[in-house]
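Open the model in a viewer and keep the selection panel at hand. The stops below say what to select next and what is there.

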Amino acid sequence: MNKKFIYIAYTGGTIGMKNSKNGYVPMSGYLQKQINNMPDFHQPEIPNFIINEYQPLIDSSNMSPIDWQIIANDISINYEKYDGFIVLHGTDTMSYTASALSFLLENLQKPVIITGSQIPLYEIRSDGRQNLLNSLLIAAHYPISEVTLFFNNKLYRGNRTTKANADGFNAFISPNFTQLIEIGIQVRYIFKPLITNIRKNFRTYHVTPQPIGIIIIYPGISAKIIHNFLLQPVKALILCSYGVGNAPQDKKFLNELKIAYQRDIIIINLTQCISGSVNMKGYATGNSLANVGVISGYDLTIEAALTKLHFLFSQNLSNNKIRKIMQKNIRGELTPKK
């Protein structure tokens, strides 16, 4: 049986960095040199792979929708040539890119795994070696045909993840959806998506930067804050509210949201809590938001909500259509209403 051939898009990130007097810095060709000198990457179980290093390498804190498009296009151009794809990426915005790619790449029949590390590959304690080796093994031998994120022995659905630990190996969590695969002594499927016999054509969408705002509700937030924020040319506002979607009952505060709705600004309600779902019918404080035109984001992560809005606004849809699709599950990003 022929070995699988995996395409690695090396966009940047800590995994390929080298130490300098100013801290870790990216260095062209350094990652490939390290991998070539590591016997584990050349074992029989490991698939064949090729590394395409992006020029310039990108610190993930500089990632933008333009970069999401570059990565999506790269996968699209090479889609027929390879059996799977790995994107090496910095951890700071890894969940944003994983979420964005899930919307931009439709009808995937091959795995796309985003991974990286907290410590550079050359360091003796690096988590990058195992993250990349396991990503290669999964892509070749346990493929799940969607955009996923692998970190610290767990494979997650990409658009369900969020970075939860700044300096630990367990950097990512999937608060509202179980991991797909867990690697221990055995490789164990925790949740395996159903395989359908219906084959649809793979498609890559386009995304352009959109003016989208995020506001976290806090005790004492004033209507003036909302008013001033919405003076910007925002198309949508992500409102991070309390609990199951609650916010202050201040009339001026609610009126600013109503005015925004009347200006056709989409306002989507997410919970500040790490896990759980918005239910604006649960309390009067949530219901009042619905009455001024705020829609529920259910259990979307901030990363999934933001990238989904970017994606939908880029498709020339009406705002009413976008409101409806934001409340529907299109890539496994939210739990459908019962």
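Start with H8 and H9, whose crossing is right-handed (left-handed means that the near helix is turned anticlockwise from the far one by less than a right angle, right-handed that it is turned clockwise). The axes of H8 and H9 come within 10 Å and cross at roughly 145 degrees; axes are lines fitted to C-alpha atoms, for helices over the stretch in contact, with angles from 0 to 180 degrees between N-to-C directions. Select Ala 305, Lys 308, Leu 309, Leu 312 and Phe 313 of H8, then Asn 319, Ile 322, Ile 325 and Met 326 of H9, to see the residues that make the contact (heavy atoms within 4.5 Å). Helices (H or I, at least four residues) and strands (E, at least two) are DSSP runs numbered from the N terminus.

This is a predicted model in which local features need pLDDT of at least 70 and side-chain atom pairs count only at pLDDT 80 or more, while totals for chains, interfaces and linings use all residues. Residues are numbered from 1 along each chain as its sequence is written, and side-chain values use heavy atoms, with hydrogens and water left out.

Which residues of H9 are buried? They are Asn 319, Ile 322, Arg 323, Ile 325 and Met 326, where buried means under 20% relative accessible area, exposed over 50% and partly exposed in between (1.4 Å probe, protein chains only). Their cover includes helix H6 (251–262), E17, E18 and H8.

Pick Ile 216 and find Cys 240 of E16 opposite.

Next, colour the aromatic rings. The whole structure holds 13 aromatic pairs; rings of Phe, Tyr and Trp (its six-membered ring) pair if their centres lie within 6.5 Å, and planes under 30 degrees apart count as stacked, over 60 as edge-to-face and the rest as tilted. One of them is the edge-to-face pair of Tyr 205 and Phe 311, at 5.2 Å centre to centre with 90 degrees between the planes. Tyr 205 is in the loop between strand E14 (203–204) and strand E15 (212–216), and Phe 311 is in helix H8 (residues 302–313), 106 residues apart. Both Tyr 205 and Phe 311 are buried.

Then select Phe 5, Tyr 7, Tyr 79, Tyr 82, Phe 85 and Phe 202, a cluster linked by ring pairs. Over the face of Tyr 79 lies Lys 110, at 4.7 Å from the ring centre (NZ of Lys or CZ of Arg within 6 Å of the ring centre and within 35 degrees of the ring normal).

Finish with two buried residues. Leu 149 is in strand E8 (residues 147–151) and has 0% relative accessibility. Met 94 is 55 residues from Leu 149 in sequence and 8.2 Å from it in space, C-alpha to C-alpha. Thr 97, in helix H3 (residues 94–104), is also buried, at 0% relative accessible area. Leaving aside neighbours within four places in sequence, Thr 97 is in contact with Met 63, Trp 68, Ile 71 and His 89.

Definitions and conventions. Pairing = 2+ DSSP bridges.
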